[in-house]
Amino acid sequence: MIFDPRKYDFSTDEMLKAAAEDRLLTCEIEFNRSCNYRCPYCYAAGKYENAALTDEMAQSAIRQVAALGARKIVVLGGEPLLCRELKKYIELINSLGMGAEIFTNASLIDPQWAAFFASHDCRVVVKLNSLRPEVQEKLTGVPGSLDKALRAIDLLQQNGMDENRLVASSVISSDNEMEVAALWKYLREHKIKPYLEIMTPQGRLLEHRQLEVSPRRIKEIFDEIADYDRSLGHDWEPQPPLVGAKCLRHQFSCVISANGDVTPCVGLTVKIGNVYEQPLEDILRNSNVLRKLKNFRETIKGPCRTCEKADTCYGCRGAAYQLTGDYLAADPLCWKNCDSPQCGKTALPCSAQPWIPHRPPMTMVKRLLEFGEWSKVETVIEPDNRFVRNGLLDPEVIPEIAAQSCAVIKGFELDDHQVKGMLTGIRNVRILAEIRCGDSLIVEVRETAKIDNYYTLDFKVVRPRDNCLCAQGELSICRLS
């Protein structure tokens with residue numbers, strides 16, 4: 001099979017065109033999350049660490065991605081080679097006209113795997129964080145990991161995989177920051193494509209924060225590598241989070257996790273749907289999160305919105321989300337934002353009061369907890385609530401609580417403390433349980449349509465104490481300012 005590099009690399013124009021046409025260029029799929037390494041910065045560590053897609057769902061996901069126009073599938077993990085059906089999935093990917101890009105720690109690559117990858121139009125991305133054994137082992141948690149990575153690279157090159165097909169993936173950490181520029185040079189000299197990125201503060205990295213590197217030091221590393229690359233004819237301007245590349249993946253990609261959850265990327269872990277519950281096309285078409293990311297010139301906040309690179313860069317959305325809870329916030333890890341008082345000034349959860357015009361005793365919401373596909377606002381039914389009678393909340397006030405929640409969410413989204421609106425319609429409201437004085441409630445809100453300043457929204461009122469759905473319905477709201 002002849003390798004086609006056009007399946008694997010995309011121009012900015014291709015990315016933005018795919019976004020405008022609501023097409024995929026690529027999709028990242030975790031067939032499994034099991035892994036034989038213990039990288040201290042791994043994003044995938046957590047409660048779904050041993051999850052895996054069923055064979056039926058894995059094949060369905062591949063076909064759905066192909067139907068949405070993708071040119072490649074990026075296979076993530078865990079360790080993909082621990083997936084027993086991986087060869088079958090790659091063959092299916094090929095049969096549908098797509099390429100497979102495999103991110104692997106390389107420990108299980110043998111002559112048979114190397115020959116298979118070479119003969120099946122694959123790009124292989126090998127984990128290589130250092131050429132010093134002790135550092136590579138520290139960053140993989142496994143003895144002998146450098147020898148395994150270099151052996152895998154040798155096997156792949158013996159099978160004819162050149163720098164279009166063979167990639168080394170590295171992260172910048174405090175353990176390897178002094179050598180990553182030299183590693184980049186080594187990879188260039190040995191015809192291996194470098195893929196070097198900033199770590200996102202999530203997963204296992206939260207237990208190993210000493211590995212993080214300051215944004216100013218990150219800039220020095222990017223600049224040093226850019227100077228070297230220019231001497232080779234590779235001319236690019238440094239910007240995070242990828243060395244020598246731009247990250248606009250939310251314009252044309254998504255992640256299908258090993259438990260079926262769909263997220264915009266591995267760093268931006270806002271769940272926008274689940275492929276066991278909905279077709280992928282419906283999830284992507286109806287996602288407010290993706291719509292706002294595709295409209296990033298109008299939605300991104302703070303210095304990222306006014307940056308001179310804002311037409312083709314919006315910082316790392318994963319870093320923004322993990323550090324602030326706001327996927328539209330300015331990237332706190334970009335060196336351009338280091339001294340900006342606007343960057344990271346608000347992190348979730350936060351008080352609801354600054355975002356709504358109401359004042360006590362009419363204010364009935366307390367905190368904004370989450371901002372995502374379904375945003376969540378906390379309220380407590382206090383004893384002085386004027387709508388409590390004989391210990392019970394008057395159910396007719398529930399739409400007002402939901403409307404206040406909407407005001408908080410929209411004010412936060414727009415970073416505007418002066419947002420005012422008017423409740424213009426209430427539909428299909430169902431009161432499903434009594435709400436008592438002292439109850440703590442979560443109001444969940446999802447925007448379902450927007451025309452100019454008119455919005456329709458679904459809401460749910462949930463009592464976490466007993467996981468009781470107390471009410472649900474629809475609202476129509478007009479934003480006045």
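**Reading sheet and helix packing**

Reader: Which residue in S7 is the bridge partner of Ile29?

Author: In S7, Ile29 has Ile256 as its bridge partner. The model is a predicted one, in which local features need pLDDT of at least 70 and side-chain atom pairs count only at pLDDT 80 or more, while totals for chains, interfaces and linings use all residues. Residues are numbered from 1 along each chain as its sequence is written, and side-chain values use heavy atoms, with hydrogens and water left out.

Reader: How many bridges join strand S1 to strand S7?

Author: Strands count as paired if DSSP finds at least two bridges between them. Strand S1 (residues 26–30) and strand S7 (residues 255–256) run parallel and are joined by two bridges.

Reader: In what order do the strands form the open sheet, and which strands stand at the edges?

Author: The open sheet has nine strands with mixed pairing, and their order is S6-S5-S4-S3-S2-S1-S7-S8-S9. The edges are held by S6 and strand S9 (273–274), each of which has a single partner strand, so one side of each is left without a neighbour in the sheet.

Reader: Which residues of S3 are buried on one side and which on the other?

Author: In a regular strand the side chains alternate between the two faces of the sheet. Burial is judged by relative accessible area (under 20% is buried, over 50% exposed, in between partly exposed, with a 1.4 Å probe and protein chains only). In S3, Gly99, Glu101 and Phe103 are buried on one side, and Ala100, Ile102 and Thr104 are buried on the other, which leaves both faces covered. Six of the six residues of strand S3 (residues 99–104) are buried, so the strand is largely enclosed by the rest of the structure. In the loop between S3 and H4, Ala106 also counts as buried, at 1% relative accessibility, and has a positive phi near 75°, although Ala106 is a residue other than glycine.

Reader: At what angle do helix H3 and helix H4 pack?

Author: Axes are lines fitted to C-alpha atoms, for helices over the stretch in contact, and the angles between N-to-C directions run from 0 to 180 degrees. Angles under 35 degrees count as roughly parallel, over 145 as roughly antiparallel, 65 to 115 as roughly perpendicular and the rest as oblique. Helix H3 (residues 86–95) and helix H4 (residues 111–119) have axes 11 Å apart and pack at an angle of about 10°, which makes H3 roughly parallel to H4. Where they meet, with contact taken as heavy atoms within 4.5 Å, H3 contributes Leu86, Lys87, Ile90 and Glu91, and H4 contributes Trp113, Phe116 and Phe117.

Reader: Which elements do the buried residues of H3 pack against?

Author: The buried residues of H3, namely Leu86, Tyr89, Ile90, Leu92, Ile93 and Asn94, pack against H2, S2, S3, H4 and S4. After H3 comes Gly97, with a positive phi near 85°.

Reader: Within what arc do the buried residues of H7 fall?

Author: An α-helix has 3.6 residues a turn, so residues three or four places apart point the same way. In helix H7 (residues 180–189) the buried residues are Val180, Ala181, Leu183, Trp184, Leu187 and Arg188. Seen down the axis of H7, and taking the directions from the axis to the C-beta atoms, they fall within an arc of 160°, so they line one face of the helix. Their packing partners are strand S5 (166–172), strand S6 (193–198) and helix H8 (215–231). Just after H7, Lys191 has a positive phi of about 60°, and at 49% relative accessibility Lys191 counts as partly exposed.

Reader: What is omega for the cis peptide bond that joins Leu348 and Pro349?

Author: For that cis bond, omega is about -5°, and Pro349 is placed in the loop between helix H13 (317–324) and strand S10 (350–351). The peptide bond from Gly77 to Gly78 is also cis, with omega near 10°, and Gly78 is in the loop between S2 and H3.

Notes: Helix = DSSP H or I, 4+ residues; strand = E, 2+ residues; numbered from the N terminus.
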